[in-house]
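I opened this one with my notebook beside me and wrote down each thing I looked up. Here are the entries, in the order that made sense to me.

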Amino acid sequence: MKWELKKFSELTVNQLYDIINLRETVFVVEQNCPYLDCDGIDVNCYHLFAYSENKMAAYLRIIPAEHHYQKMVSIGRVVVHPSFRGKDLGKELFAEGKNCVKKLFGAETKITISAQYHLEKFYTNLGFSSVGDVYDEDGIPHIKMNGTV
């Protein structure tokens, strides 16, 4: 799989459309969670994605520390298209995301994520630790997790 990392201004219209489509397919429709996905943060982010079979298979965004409310680099909107699940693509996506953070911001960069609580073990296996209590985000239990590249 060929990964692409782009700033918002470098995305083509088709890539942006595919990103929004994938995020809405999973986070809004599949998870039955009506929320405003276009949150104004994307314009300050790096966007990592890969296509397979002419379909966006996986995506995440990297928020630089200066644009994150906790002033830490953050990885978010981690998503794998439903038709590409069960192939460890999520692990590959997140590993590539951590590599991108390292290249962009340096070794030992601290990362924070807001993980859906049912994925806590997944992120723990990728080197992240839970911080604090479970909280509600748009009707879905989440937990803050921190790690480093």
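**Ground rules.** I call a residue buried if its relative accessible area is under 20%, exposed if over 50%, and partly exposed in between (1.4 Å probe, protein chains only). This is a predicted model, so I note that local features need pLDDT of at least 70 and side-chain atom pairs count only at pLDDT 80 or more, while totals for chains, interfaces and linings use all residues. Residues are numbered from 1 along each chain as its sequence is written, and side-chain values use heavy atoms, with hydrogens and water left out.

**Lys 6.** I began with a lysine. Lys 6 counts as buried because its relative accessible area is 18%. I found Lys 6 in strand 1, residues 3–7; helices (H or I, at least four residues) and strands (E, at least two) are DSSP runs, numbered from the N terminus. Next I looked for a polar partner, taking a polar contact as a pair of N or O atoms within 3.5 Å; within protein, one must be able to donate a hydrogen and the other to accept it, and residues adjacent in sequence count only if both atoms are side-chain atoms. The side chains of Lys 6 and Gln 15 make such a contact at 3.0 Å. Beyond its neighbours within four places in sequence, Lys 6 is in contact with Leu 11, Thr 12, Gln 15, Cys 45, Tyr 46, His 47 and Phe 49.

**The whole chain.** I stepped back and counted three helices and seven strands. Along the sequence they run β-α-β-β-β-α-β-α-β-β. The radius of gyration (over C-alpha atoms; the globule rule is 2.2 Å times the number of residues to the power 0.38) was my next check. A compact globule of 149 residues would have a value near 15 Å, and the chain has 14 Å, so the two agree. Along the principal axes, the C-alpha atoms fill a box of roughly 40 × 35 × 30 Å. Of the 149 residues, 41% count as buried. Among contacts with a separation of 6 or more, 60% join residues 24 or more positions apart.

**Helix 2.** I checked its length with the rule of 1.5 Å times one less than the number of residues. The 17 residues of helix 2 (89–105) should span 24 Å, and the end C-alpha atoms are 24 Å apart, so that agrees. Its buried residues are Leu 89, Gly 90, Leu 93, Phe 94, Gly 97, Lys 98, Cys 100 and Val 101. A reminder to myself: an α-helix has 3.6 residues a turn, so residues three or four places apart point the same way. Gly 106 follows helix 2, with a positive phi near 100 degrees.

**Cys 100.** This cysteine lies in helix 2 and is buried because its relative accessibility is 6%. Leaving aside neighbours within four places in sequence, Cys 100 is in contact with Leu 5, Leu 48 and Ile 62.

**Nonpolar cores.** I define a core as a set of buried Ala, Val, Leu, Ile, Met, Phe, Trp, Tyr and Cys residues joined through side-chain atoms within 4.5 Å. Which residues have the most contacts inside the largest core? They are Ile 62, Ile 75, Phe 94, Ile 113 and Tyr 123, in a core of 25 residues. Helix 2 gives the most to this core, with five residues. A second, separate core has 12 residues, including Leu 22, Cys 33, Met 56 and Ile 140.

**Aromatic rings.** Rings of Phe, Tyr and Trp (its six-membered ring) pair if their centres lie within 6.5 Å; planes under 30 degrees apart are stacked, over 60 edge-to-face, and the rest tilted. My search of the whole structure gave five pairs. Phe 94 and Tyr 123 pair edge-to-face, 5.2 Å centre to centre with 65 degrees between the planes. That pair links helix 2 to helix 3 (residues 120–124), 29 residues apart. Phe 94, Phe 122, Tyr 123 and Phe 128 form one aromatic cluster.

**His 142.** I ended in strand 7, where His 142 sits. It is buried because its relative accessibility is 6%. A polar atom of the His 142 side chain lies 2.8 Å from the backbone oxygen of Ile 140.

Technical notes: Contact means heavy atoms within 4.5 Å.
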